[in-house]
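User: I would like to learn how to read the secondary-structure packing of a model. Please begin with a strand and its neighbours, then turn to a sheet and to a pair of helices.

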Amino acid sequence: MSPPRVAVIGGGVAACSLAHGLRDSLASRAVSLHVFEMGRASGGRAATRGTRDDPGLRVDHGVPAFAALTPEFGALCESLVAADVLRRCDGDGSAFGVLRSSGTFEAEDAAGAPTRYRPPVGKGMNALCDGLLGGESTLANFTPGTMVTKVEPVAAQWRLTSKGGVDLGTFDWLVVSSTGLAHPRWRTTFGGEPPLVEAAAALGDTALDATLAALAPLQSKPVTAAMLAYGSDAAAAWASLPFFKAQVEADPVLSRIVVQRVSQSLTAVVLHSTHEFARSAAHVYGATSTAARIAGAKSDAGEEGRILDAMLVAAEKRLGGLLGPAAAMRSPAWGPHLHRWGAAFPDAPLLPEGRAVVPSARVAFCGDFVEGGEGRGGSVEGAALSGLRLAKALQREIGGLCGAD
Ligand SMILES: Cc1cc2nc3c(=O)[nH]c(=O)nc-3n(C[C@H](O)[C@H](O)[C@H](O)COP(=O)(O)OP(=O)(O)OC[C@H]3O[C@@H](n4cnc5c(N)ncnc54)[C@H](O)[C@@H]3O)c2cc1C
């Protein structure tokens, strides 16, 4: 008998952690996992932006570094450090702190700081998901560039169809690792009913209905990111700033400035907006955002320029006393480019863990929008822990699955 087939929609940290948690079951062929990701690669909000203009340039335009507060996630991160997928931020010169309104930088107290991780030198944050998937020896079937737009219950299985109308097959379990497909927000972004809501109406499973009802009030906080890269002297000037990631104190436009040294001659800079500023610019997407790439949403180039300019003005003001003219803020080697994260962080109420697995409908949810009790929703840690928890739950359920011959 062939192993039970599990389809996972989305290939971010949660989905890749699920694959990691199931690696023994995958190796013994007790289960077969199929991950469909609409982006070009795994990662989601932990992705790395590259460019054809300069193949050496990598910009972590989502999460730049993350904390591990629980022993379980800490142990996972340490195993990824050993595999050269991550590095610890302590002692590697990655300073964190606050850019005060006065324009001075105040480093955080290292003794009270959490253990944080970021990609090793020469790699981007996308190394995290690649590493969780198992690198080149991945046991999960990973299909990038495929947006799932239809899920149908068919004879106790789930049939998936892509945006291009391709039949992706039938599966015994459906795992949803992004709220999109199941949330009312789908109506405004893509039009029509959210695919899983439509499928649930046909299925009539009260437990699934209750989960979807619990998910519906979830809100999201947006972030607009401005990405730039500097070469030669400017690269060195930016890299000499006393921080890797700084919170911007009391600024209406910027919340964080992240400086990523890519190589000796290239430094990437990412400016993160405040949620309020991103909300005020909700109609400006940038060419790589989901709304632009998938839904075809277009934002006016002039508007995009104005948003980027406002972010650069705010950065100039805050960094004026720290950055010399050699930094050439207005003359980057690449950029500025804008990327809108419409749902950078989930906002309350998160989906209670008790509703995340629905055996009667063979549907499960994982992601940073699931509240696992550790209070780590909206973080890489929360996403990873939800994927690991779901791996255990699915292993328990697998005994009850009947794979087709
Ligand atoms: C700017 C920014 C800064 C951040 N800073 C931090 C930080 O400092 N510390 C921290 O811990 N966290 C931070 N985060 C949050 C962190 O990145 C997320 O919590 C985490 O990456 C979420 O992982 P996930 O797997 O739950 O979701 P996602 O990464 O969103 O993964 C879901 C995936 O599903 C895919 N998908 C969605 N719908 C479909 C579909 N229909 N078909 C196919 N694929 C689909 C998406 O493309 C995506 O890849 C930040 C995020 C952003 C954007």
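Analyst: Strands β15 (residues 219-231) and β18 run antiparallel and are joined by seven bridges. This is a predicted model, in which local features need pLDDT of at least 70, side-chain atom pairs count only at pLDDT 80 or more, and totals for chains, interfaces and linings use all residues. Residues are numbered from 1 along each chain as its sequence is written, and side-chain values use heavy atoms, with hydrogens and water left out.

User: What do the terms strand and pair require here?

Analyst: Strands (E, at least two residues) and helices (H or I, at least four) are DSSP runs numbered from the N terminus; two strands pair if DSSP finds at least two bridges between them. Strand β17 (residues 254-263) also pairs with β18 in the antiparallel sense, over eight bridges, and the two form a hairpin with two residues between them. Leu271 of β18 stands opposite Ala226 and is also the bridge partner of Ile257.

User: Is β18 mostly covered or uncovered?

Analyst: Buried means under 20% relative accessible area, exposed over 50%, and partly exposed in between (1.4 Å probe, protein chains only). In β18 (residues 266-273), eight of eight residues are buried. Both faces are covered: Leu266, Ala268, Val270 and His272 lie on one side, with Thr267, Val269, Leu271 and Ser273 on the other.

User: In which order do the strands of the open sheet follow one another?

Analyst: The order is β11-β12-β13, three strands with antiparallel pairing. β11 (148-154) and β13 (167-171) are the edge strands, each pairing on one side only. Four bridges connect β12 (residues 157-162) with β13, and Leu160 has Gly169 in β13 as its bridge partner.

User: How are two packed helices described, and what is the case for α1 and α4?

Analyst: Two packed helices are described by the angle between their axes and the distance between the axes. Axes are lines fitted to C-alpha atoms, for helices over the stretch in contact, and angles run from 0 to 180 degrees between N-to-C directions. The axes of α1 (residues 13-21) and α4 (residues 126-133) come within 7 Å and cross at roughly 25°. The two helices are therefore roughly parallel to each other, a label for angles under 35 degrees, with over 145 roughly antiparallel, 65 to 115 roughly perpendicular and the rest oblique.

User: Which residues of α1 and α4 make the contact?

Analyst: Contact means heavy atoms within 4.5 Å. Val13, Cys16, Ser17, Ala19 and His20 of α1 meet Leu128, Cys129, Leu132 and Leu133 of α4.
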